Amino acid sequence: MNYSEPRKSMVDNQLRGRDIKDELVLKAMEKVPRHEFVPEEHKERAYGDFPVPIGLGQTISQPYVVAAMTEALTLKGGEKILEIGTGSGYQAAVLAEIAKKVYTIERIKELTEKSRETLKKLNYNNVKVVEGDGHEGYKEGFPYDGILVTAACQKIPEQLNEQLNEGGRIVIPIGDRSFQELFVFTKNKGKLEEKFLFDCRFVPMIGASGWNY
Ligand code: SAM
């Protein structure tokens, strides 16, 4: 199957056709082969306007959500970004098209290995996939110009706030297990300024300081 047509139509209809305006984000999503990040049995649905299962009870987010979260970071190119919740590796690839370096953390070993393999095959050499608990952030790369959290949290994990650069942004879904609100926080003189984006639904962020199941 030829995937370039569905990919172009995804960008035109689901992203440009809504409110995504950042050309860097649109170009990145025109380029990244999303079908490479979904399991064989779901490839034909890879460019649909919905999340797709990637196994182990997890999902690759809807294209619009990936675009809106990336746009909210207001990247210009050259940044160092931390993503929490690698999943398939798709969001990390989109970030890697724009930023200089992307660190991404995943708690499930199988997904860590699979996403690492996919990103390597597609030559995303500026992405480092780490197995671990995203509540801790990742000390090796900090401070980060942007942090993108793709699992639901009850509040901003303290370590993430500490690892964010002055002027940097955190995009994060906050709420309970079944319903969350997506926020972007900007660090201004050490304090986080909040902006609500939209209502959303993510899988929970599991861990000692999150949900434990
Ligand atoms: N960004 C992903 C993509 O592009 O495919 C989709 C992420 S999926 C909605 C959420 C991911 O967060 C799952 O893969 C899940 O295992 C992971 N996750 C949940 N709790 C976590 C934690 N404490 N640390 C790191 N990853 C976590």
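Of the contacts in the protein chain between residues at least 6 apart in sequence, what percentage join residues at least 24 apart? It comes to 53%. Keep in mind that this is a predicted model. What you're looking at is a chain of 213 residues whose secondary structure comes to 6 helices and 9 strands.

**The overall shape**

- Laid along its principal axes, the C-alpha trace spans about 50 × 35 × 35 Å.
- Buried residues account for 54% of the 213.

**Helix α1 against helix α2**

- Helix α1 covers residues 4-16 and helix α2 covers residues 23-31; they pack at about 150 degrees, with axes 8 Å apart.
- Angles over 145 degrees count as roughly antiparallel, and that's why α1 is described as roughly antiparallel to α2.
- The crossing of α1 past α2 is right-handed.
- On the α1 side, the residues involved are R7, M10, V11, L15 and R16, and they meet E23, L26, M29, E30 and K31 of α2.
- Sort the residues of that α1–α2 contact by class and you get 5 nonpolar, 5 charged and no polar ones.

**What's tucked away in α1**

- R7, M10, V11, Q14 and L15 are the buried residues of α1.
- Look at the spacing of those numbers with this in mind: an α-helix has 3.6 residues a turn, so residues three or four places apart point the same way.
- The cover over the buried residues of α1 includes α2, α3 and α4.
- R7, M10, V11 and L15 are also among the α1 residues that meet α2.

**Helix α2 against helix α4**

- Helix α2 also meets α4 (90-98); here the axes come within 9 Å and cross at roughly 125 degrees.
- That angle makes α2 oblique to α4.
- This crossing is right-handed.
- From α2, the contact uses L24, V25, A28, M29 and K31, while α4 brings Y90, V94, E97 and I98.
- By class, the α2–α4 contact holds 7 nonpolar and 2 charged residues, with no polar ones.
- M29 and K31 of α2 turn up in the contact with α4 and also in the contact with α1.

**M69, a buried methionine**

- You'll find M69 in helix α3, which runs over residues 63-72.
- Is M69 buried or exposed? It's buried, because its relative accessible area is 1% and the cut-off for buried is under 20%.
- Setting aside neighbours within four places in sequence, M69 is in contact with Q91, L148, V149, T150, V171, L182 and F202.
- K114 sits 45 residues from M69 along the chain, and their C-alpha atoms are separated by 23 Å.

**Y103, a buried tyrosine**

- Y103 belongs to strand β4, residues 101-106.
- With 9% relative accessibility, Y103 counts as buried too.
- Which residues does Y103 touch, not counting those up to four places away in sequence? They are K80, I81, L82, E83, K128, Y138, E140, G141 and Y144.
- Y103 and A28 are 75 residues apart in sequence, and the C-alpha to C-alpha distance is 18 Å.
- A28, for its part, is one of the α2 residues in the contact with α4.

- The peptide bond from F142 to P143 is cis, and its omega is near 10 degrees.
- P143 is in the loop between β5 (127-131) and β6 (144-149).
- T74 isn't a glycine, yet its phi is positive, near 45 degrees.
- The loop between α3 and β3 (80-84) is where T74 sits, and T74 is partly exposed, with a relative accessible area of 35%.
- K189 is another non-glycine with a positive phi, at about 50 degrees.
- K189 lies in the loop between β8 (180-188) and β9 (191-200).
- With a relative accessible area of 74%, K189 is exposed.

Note on methods: Residues numbered from 1 in each chain as written. Predicted model: local features only at pLDDT ≥ 70, side-chain atom pairs only at ≥ 80, totals over all residues. Heavy atoms only, no water. Axes fitted to C-alpha atoms, helices over the stretch in contact; angles between N-to-C directions. Helix = DSSP H or I, 4+ residues; strand = E, 2+ residues; numbered from the N terminus. Parallel < 35°, antiparallel > 145°, perpendicular 65-115°, else oblique. Left-handed = near helix turned anticlockwise from the far one by under 90°. Contact = heavy atoms within 4.5 Å. Nonpolar A, V, L, I, M, F, W, Y, C, P; charged D, E, K, R; others polar. Buried < 20%, exposed > 50% of the residue type's maximum accessible area, 1.4 Å probe, protein only.
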